Amino acid sequence: MTCLTRLALLLLAAGFLCAQPSQPPLSDQERLEWFKNDKFGLFIHWGPYSVIGRHEWARHRFQIPQAEYDTYARQFNPVNFNAEEWVKIAKNAGTRYIVITSKHHDGFAIWRSKASDYDMEITPYAGDPLKDLAAAAKKENMRLGFYHSIMDWHHPLYRPKRTWESKTPEAGGDKGRYVDFMKDQIRELLTGYGDVAMMWFDGEWEHTLRDLKRDDEVYDFIRSLQPNTLINDRLYERKPGNKADFGTPEQFVPSTGVTDPSGKPVLWESCVTINTDSWGYNKYETDFKTDRDLIRMLVEVVSKGGNLLLNVGPTPDGRIQPEFQTRLAAMGRWLKTNGEAIYGTTASPFARLPFFGRATVKNNELFLHVFGWPKNRVLRVPGLKNPVFSARLLGSDAPISFKKDNDEVTIQLPESAPHDIASVIALKLDSTPVVVESPIRPDRRTGILELGVESSEIETRFEQRAKKENALGHVFLTRWTRNDDVPTWNLAVPGAGRYRVAISYGKTARPNQDAGEFTITVGAQKLSGKIENTGGDWVFKSFNAGELALTAGTHTLKVSTNVRGVEAMQLEKITLSPVR
Ligand code: JFZ
């Protein structure tokens with residue numbers, strides 16, 4: 001063979017190898033394994049909108065003409081970007097995968113894309129950020145996926161155009177050729193950047209490409225390039241229950257996990273910003289979730305069987321702002337001690353727990369994440385059938401004792417919590433937990449039913465906002481700003497009887513403003529009352545709400561309000577006292 005033929009053969013072989021999927025296809029089960037185990041990912045929104053620094057929708061919100069926006073794109077020059085630094089931040093936070101915007105709605109590709117002339121090549125930056133990130137991630141065993149917007153405000157063939165920039169937004173264009181373009185870019189991402197953990201599509205909610213019915217084609221195309229890449233539920237009209245690998249609740253934690261239309265639970269991942277509501281860098285967004293909010297959110301998500309994809313929006317020069325870094329580091333420190341109760345676990349077997357906290361499970365081990373350390377240092381876990389072999393407190397040598405009576409475990413806790421935000425007790429059981437529903441019952445001695453907010457579940461029709469919080473020995477509801485959020489309790493009484501109902505809450509009413517009403521509902525019975533000023537937030541006072549007649553058996557009690565937009569009250573508890 002001449003040198004030339006040898007070279008030609010070599011090139012041919014290389015080309016052939018490139019066209020092959022990088023990994024042999026796994027079964028559905030195997031493919032999803034890492035996602036179920038890893039639980040926690042870092043979302044990164046980064047592009048020309050970061051230059052503007054006012055939210056990733058800036059071009060639309062401020063109606064910036066394309067030509068003007070392009071000047072920002074041409075300034076995108078992340079000279080301080082260091083992929084290894086980013087991966088280190090992700091790793092220290094305890095995240096196990098990164099999802100970065102390969103292309104957001106503005107249509108700009110943050111890699112050197114051959115299929116497009118609207119990409120890194122028009123910037124002064126010489127490198128390819130995605131290449132660097134892929135290499136750094138691979139080195140650290142960090143999985144990498146791409147957020148890719150279907151909606152495209154730049155591409156000449158995409159329709160609709162923004163209504164503010166066109167009188168005939170639907171006219172012209174060529175959606176079919178736009179999909180071809182999208183496939184060309186997807187091919188670049190799935191052949192040039194190593195193993196891609198997931199394709200996280202977005203923008204299907206504009207329904208632009210619905211009628212083309214090419215989502216299966218794109219889906220199969222991805223599978224043909226990388227058979228094990230996960231695909232979220234925002235590829236065209238793909239919804240949980242179709243072929244999507246997971247659902248994507250955005251900016252909220254679903255109240256009881258996510259199901260497909262037939263009611264079958266599906267995998268899901270909540271994506272959430274650390275600031276209030278900017279995914280891309282926004283220098284004017286200075287309100288951040290606390291370490292406490294974020295760690296408890298991670299626990300809550302995992303206790304409901306989901307993943308958390310937590311977002312940062314780096315600065316245009318390529319740094320992750322310190323407010324994000326400190327919070328991520330705090331999560332990482334917590335996970336160092338408590339990660340065994342997060343990674344590789346499954347959802348809580350309990351519909352409700354009587355204490356302020358959450359549960360997760362790994363095989364024969366039940367993890368109790370305690371948010372509010374009980375004042376009497378007694379933790380009750382009713383409804384657990386299994387024998388308990390041992391109990392330990394993660395991150396502490398303090399001994400803890402426990403006893404088991406019938407279906408109830410009582411744990412004696414040490415003086416103080418090892419972690420102020422969430423401390424984890426691990427119970428070794430004989431098998432995977434077997435749990436029976438256990439409604440709240442009257443105190444044996446006094447006959448009183450205490451319905452603390454900690455033992456409620458918050459039902460919601462849409463995007464729960466209300467959160468449980470604790471301070472100074474109180475557990476209460478904060479951010480109860482949607483009247484769709486309804487705290488709900490299950491209770492059981494042994495015999496029929498009348499109960500006096502008290503409601504305890506804190507509330508600062510504004511002068512000359514109607515504070516609204518609450519309503520307590522049990523079956524057909526309703527007790528309503530005006531929400532009173534208690535003298536301050538976190539000043540808890542108890543008010544008489546009237547009387548209820550309960551029949552023997554189980555009941556559901558709900559508290560709702562007619563308040564929207566502002567916090568209704570800091571609900572603490574409902575107390576039902578028997579009327580003798
Ligand atoms: C989308 C993006 O628009 C947003 O910029 C960010 O990338 C987020 C992760 O995903 O958010 C949405 C999704 C749906 C709607 C609005 C914003 N919607 O249906 O109006």
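**Stop 1: α10 and α11.** Select residues 291–303, helix α10, and residues 322–338, helix α11, in this predicted model. Their axes come within 9 Å. They cross at roughly 50 degrees. That angle falls between the limits for roughly parallel, under 35 degrees, and roughly perpendicular, 65 to 115, so α10 is oblique to α11. Now look at the hand of the crossing: α10 passes α11 right-handed.

**Stop 2: α8 and α9.** Next, select residues 175–192 for helix α8 and residues 215–225 for helix α9. Here the axes lie 10 Å apart. The packing angle is about 20 degrees. Angles under 35 degrees count as roughly parallel, so α8 is roughly parallel to α9. The crossing of α8 past α9 is right-handed.

**Stop 3: the ligand.** Which residues surround the ligand? Pick F43, H45, E56, W57, H104 and H105.

- H45: an N or O atom of its side chain is 2.7 Å from an oxygen atom of the ligand.
- D202: a polar side-chain atom sits 2.9 Å from a ligand oxygen.
- E250: a side-chain N or O atom is 2.7 Å from an oxygen atom of the ligand.

Finish by showing the surface. On its own, the ligand has 440 Å² of accessible area, and the protein covers 73% of that.

Conventions: Residues are numbered from 1 along each chain as its sequence is written. This is a predicted model: local features need pLDDT of at least 70, side-chain atom pairs count only at pLDDT 80 or more; totals for chains, interfaces and linings use all residues. Side-chain values use heavy atoms; hydrogens and water are left out. A residue is near a molecule or strand if one of its heavy atoms lies within 4 Å of it. A polar contact is a pair of N or O atoms within 3.5 Å; within protein, one must be able to donate a hydrogen and the other to accept it, and residues adjacent in sequence count only if both atoms are side-chain atoms. Accessible areas come from the Shrake-Rupley method with a 1.4 Å probe; for residues, only the protein chains shown count as cover. Axes are lines fitted to C-alpha atoms, for helices over the stretch in contact, and angles run from 0 to 180 degrees between N-to-C directions. Helices (H or I, at least four residues) and strands (E, at least two) are DSSP runs, numbered from the N terminus. Angles under 35 degrees count as roughly parallel, over 145 as roughly antiparallel, 65 to 115 as roughly perpendicular and the rest as oblique. A crossing is left-handed if the near helix is turned anticlockwise from the far one by less than a right angle, and right-handed if clockwise.
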